[in-house]
Amino acid sequence: MSYDSLVEDLRQRNEKARQGGSARAKEKHVAQNKFLVRDRLERFFDDGQYTEDGLLAGMSRDMPGDAVITCVGKVDGREVAVIANDMTVKAGTWGYTTFRKIVRMQEMAVANKLPIVYFMDSAGARIDEQRECYLGRVAWGNIFHTQVQISGIVPQICLMFGPSPAGSAYVPALSDVTFMVDKNATAYLGSPRLAEMAIGEKVTEEQMGGARMHCVASGLGDLLAQTELEVMEKGKKYLRFFPGAWDLPVPLVDARPPAESRRIEDIVPHDQNRPYDVHELINAIVDQDSFLEIKALFAKEMVTGLAHLGGRPVGIVANNSMVKGGVLFNDSADKGARFIWLCNAYGIPLLFLQDISGYMIGSAVEKAGIIRHGAKLLTAVCEAKVPRISLMVRKGYGGGYLAMSGAPTQPDAQLALPSAKPALMGPEAAINAIYYNEIHRLQGDERTAFIKEKQAEYAKDIDVYEPADKFSFEAVVEPSLLRDDLIRRFAIYSRREIPMFKRRNGVYPG
């Protein structure tokens, strides 16, 4: 055979491999409002170009790529590794060669300091290859082991276009964030059919593990997208905040003015008990159109998200008084803790917007472990070594103040607006504690008048200036100067070295 014939043979093999699964499998796939995997990659990467490994894997068994594409391309000019299931090839299942390709790309990405994006669309492990893949030191579990070993070294993002059942559900669970396409993405350890057989429960796939359920209820999902194009665009936006690896500098962009034109003092009510939407405050501070909220539908009493502030990436943790008064619950504590760990891992500075009366109280939350969950948030705050600024917007009471990066947790700066009201307890709880016996001796209007009088006296003594006099705040900031003050401070604090501690790991709250 001539060399030209060899080249032509190679071209034909490569082209066949790029075609993916059968025409019938492709038709079924597209009928679900899904792009074919190579169409996704072309839309995700700059100019649709990428370098692929293992294209000819699986061809002897008529399984192009062995149902997975592993490749590197550029997103906004920076190299990114992608591991993408091909649902048209044996339902995107994992076999022996599949997991070897996946692990090899994980290792290569870490060696070259590249973020990893998992395009999940898979029916899970390939049962007919379990003898080769389930047990032993070279097995499916190597994927998860590698994910854990490289966590916090390079960003790992999961974009879910379709199913990720059973063991494969750990890929999104072990990723830094998981963005899901509504109506198509699903994740569950046991399928509805298995649940009916095992425990007699009858549910739909959407009820068991749909994208909306995971973004609203379970907390597995970090962002709910309506289309595949949206999930890819949000994935690319997320990447713009992060370096390629933990020890590289965060990428800076050109600064833009805020989108919100209203004054901060017109957004934040002076009345401590009047709720407001903290998103409006965020949009008055950060660069226009830069805010990317993480877990927007989950534990909405706390807002977490990424933004640019003067062109610098920052992570924002904020109490939202519009939802449950902004009080901390189990889920919001977990949400905040994980987001802080994410930002700290990759050197992204943190901004806390405090408007907090404390943790939720009562026997129900105590039984559910509010102390354990609250300790996670406090641990994450105290462990964070990236530049950290806390701003007391209004209330800053008790343990909630500490959990929201209060001054004793050693932020680089504890700032306040003139509207700030720092106290161990708010007027309502404090007066009830101080005057409990007197209150219960009184009846009717006399009791009401007494409580109001004492609350007013207590509130009168709570202002921002006595703590400022004792240097409990680095500064009380005029609202109109807040954005510029934050930009300057983050520029200053980002010059310092982030300390490292010699230990295996902390013993984290359970």
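Tutor: Gladly! This is a predicted model, where local features need pLDDT of at least 70, side-chain atom pairs count only at pLDDT 80 or more, and totals for chains, interfaces and linings use all residues. Residues are numbered from 1 along each chain as its sequence is written, and side-chain values use heavy atoms, with hydrogens and water left out.

Student: What makes helix 14 roughly parallel to helix 16?

Tutor: The axes of helix 14 (residues 330-345) and helix 16 (residues 370-383) cross at roughly 20° and come within 8 Å. Angles under 35 degrees count as roughly parallel, so helix 14 is roughly parallel to helix 16. Their crossing is left-handed, meaning that the near helix is turned anticlockwise from the far one by less than a right angle.

Student: Why is strand 2 called largely enclosed?

Tutor: Buried means under 20% relative accessible area, with a 1.4 Å probe and protein chains only. Seven of the eight residues of strand 2 (residues 68-75) are buried, so strand 2 is largely enclosed by the rest of the structure.

Student: How do you know that strand 2 pairs with strand 3?

Tutor: Two strands pair if DSSP finds at least two bridges between them. Eight bridges join strand 2 to strand 3 (residues 78-85), and the strands run antiparallel. Strand 1 (residues 50-53) is also antiparallel to strand 2, with four bridges.

Student: Which residues face Gly-73?

Tutor: Tyr-50 stands opposite Gly-73, and in strand 3 the bridge partner of Gly-73 is Val-80.

Conventions:
Axes are lines fitted to C-alpha atoms, for helices over the stretch in contact, and angles run from 0 to 180 degrees between N-to-C directions. Helices (H or I, at least four residues) and strands (E, at least two) are DSSP runs, numbered from the N terminus. Angles under 35 degrees count as roughly parallel, over 145 as roughly antiparallel, 65 to 115 as roughly perpendicular and the rest as oblique. Buried means under 20% relative accessible area, exposed over 50%, partly exposed in between (1.4 Å probe, protein chains only).
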